[in-house]
Amino acid sequence: MNDYPGRVRTGLDSRENWWSDMPPRTGRGPRPAKWAVLGTAFVLPSFIPTVVELTTGGVTAEEVVIAGFLVAYGACYLLFPLVLRPSRRKRTYLFSVVMLLLGLVLVFLHDNNPYILIYATAVLAFTLPPAWAVILDGGALLLVAGVHLVVGKDDFGDLIAVASITAAMFFMANLVRAVRKLEAANQEIATLAVAGERERLARDLHDILGHSLTTITVKAGLARRILESGKDDSRALQEISEVESLTRSALTDIRATVSEYREVSLSAEVAGARAALRAAEIDAELPHAVDNVDPALQRTFGYVLREAVTNVLRHSGAKRVKVRFGRTWLEVEDDGEGSEEKPGNGLRGLTERLAAVGGTLTATTPLGGGWLVRAEVPESALRSVAPAPLSEPAGGCA
């Protein structure tokens, strides 16, 4: 049987499962009071005849010994759920072996009647790893069969019935193991899904708020400087109006991102980058159209452009920025002081986005200085990229 990444092996088709203990319950499980009632109902058929024998007529020493073994055996059956804990592994093994020995003693004291052994074989199926359950239960049944042959008992019908019931308990126990493993796997999947959603939300909020707040800061600073100079109040009012518009847009983007409805547009990002760079008094050389970029990559490249321009505004101190597009690549180059040696959350998030479409992101310092960010997707990977849900309009809006 072939293995697949992330596959949960729940059956007896692997060596590990044969020697692994019963997985812990993921839920609350049966209450002890309910098990006490149910277990008592199971052991009464064996206790009642012995009690009747002890209370009628004379009591022999043999009957007292049998009653003692039977009480201990029944107590083991009622208490076995309490030993099913990972921290009590050695105690569980010892408990199971003792109960099996008690069952064998009672079989031989009851004229080699194997039915009393069912309680022990069932408990071993649920408490021990499958391999040990087969070894001990199978060994006990073979021992009873050997005694049958030694004493000349040729009726094996009861022993076959006990072996069949034991096999049924064995497979039922392994069904319980499989269910518990699947429940644990489902919980792990849910945890990973929550973690993945948190990473997505953090990445998207970083991309949106980082760019928007940076642009707002630049425009607010420009408006303050204009007001302090007292030279162009109309320009200051225009910048403040744009700050208000950007704030409303950022709030809308945040709400849409949380709801997973927001789509990034490369053409809109070009227009936004032009406005932000102009407000920061940075000379920008931007394409006026995005129709030469493959539609399947425009959304991803929109994120790249947004983050690259945000980094220029925040860190570079650049005076000139140049943006170039190709069908499967995008470059943003500035003449600033470069970036930090260690990539931040923005570049890390962009790397993840490009990796999702089979592309790569590189950030280097050109020979002439500054900083160059290049996103590229190979043609071979582009063939497997599904078209963007909302394709960018040809011609752009810059």
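# Questions on a predicted protein chain

Guide: Across the protein chain the mean pLDDT (the predictor's confidence in each residue, from 0 to 100) is 79, and 83% of the residues reach 70 or more. This is a predicted model, in which local features need pLDDT of at least 70 and side-chain atom pairs count only at pLDDT 80 or more, while totals for chains, interfaces and linings use all residues. Residues are numbered from 1 along each chain as its sequence is written, and side-chain values use heavy atoms, with hydrogens and water left out.

Visitor: How many contacts beyond four places in sequence does the model have for residues 387-398?

Guide: Where pLDDT is low, the predicted coordinates should not be read in detail. Over residues 387-398 the pLDDT stays under 50, and residues 1-6 are likewise below 50, with four contacts beyond near neighbours in sequence. With contact meaning heavy atoms within 4.5 Å, the number that the model has for residues 387-398 is 31.

Visitor: How many helices and strands make up the secondary structure of the protein chain?

Guide: Helices (H or I, at least four residues) and strands (E, at least two) are DSSP runs, numbered from the N terminus. Counted in this way, the secondary structure of the protein chain comes to twelve helices and five strands.

Visitor: At what angle do the axes of α3 and α4 cross?

Guide: Two packed helices are described by the angle between their axes and the distance between the axes. Here the axes are lines fitted to C-alpha atoms over the stretch in contact, with angles running from 0 to 180 degrees between N-to-C directions. The axes of α3 (residues 61-79) and α4 (residues 89-109) come within 10 Å, and they cross at roughly 145 degrees.

Visitor: How many nonpolar residues does the contact of α3 with α4 have?

Guide: Among the residues making this contact are I66, F69 and Y73 of α3, together with F95, M99 and L102 of α4. Ala, Val, Leu, Ile, Met, Phe, Trp, Tyr, Cys and Pro count as nonpolar, Asp, Glu, Lys and Arg as charged, and the others, Gly among them, as polar. On this scheme the contact has one polar and one charged residue, and its nonpolar residues number 14.

Visitor: Is F95 buried or exposed?

Guide: F95 is placed in helix α4, and its C-alpha atom is 9.4 Å from that of T127, 32 residues apart in sequence. Buried means under 20% relative accessible area, exposed over 50% and partly exposed in between (1.4 Å probe, protein chains only). Because its relative accessible area is 16%, F95 counts as buried.

Visitor: Why does V332 count as buried?

Guide: V332 lies in strand β3, and, leaving aside neighbours within four places in sequence, it is in contact with L305, A308, V321, K322, V323, W371, L372 and V373. Its C-alpha atom is separated by 8.2 Å from that of W371, 39 residues apart along the chain. V332 counts as buried because its relative accessibility is 2%.
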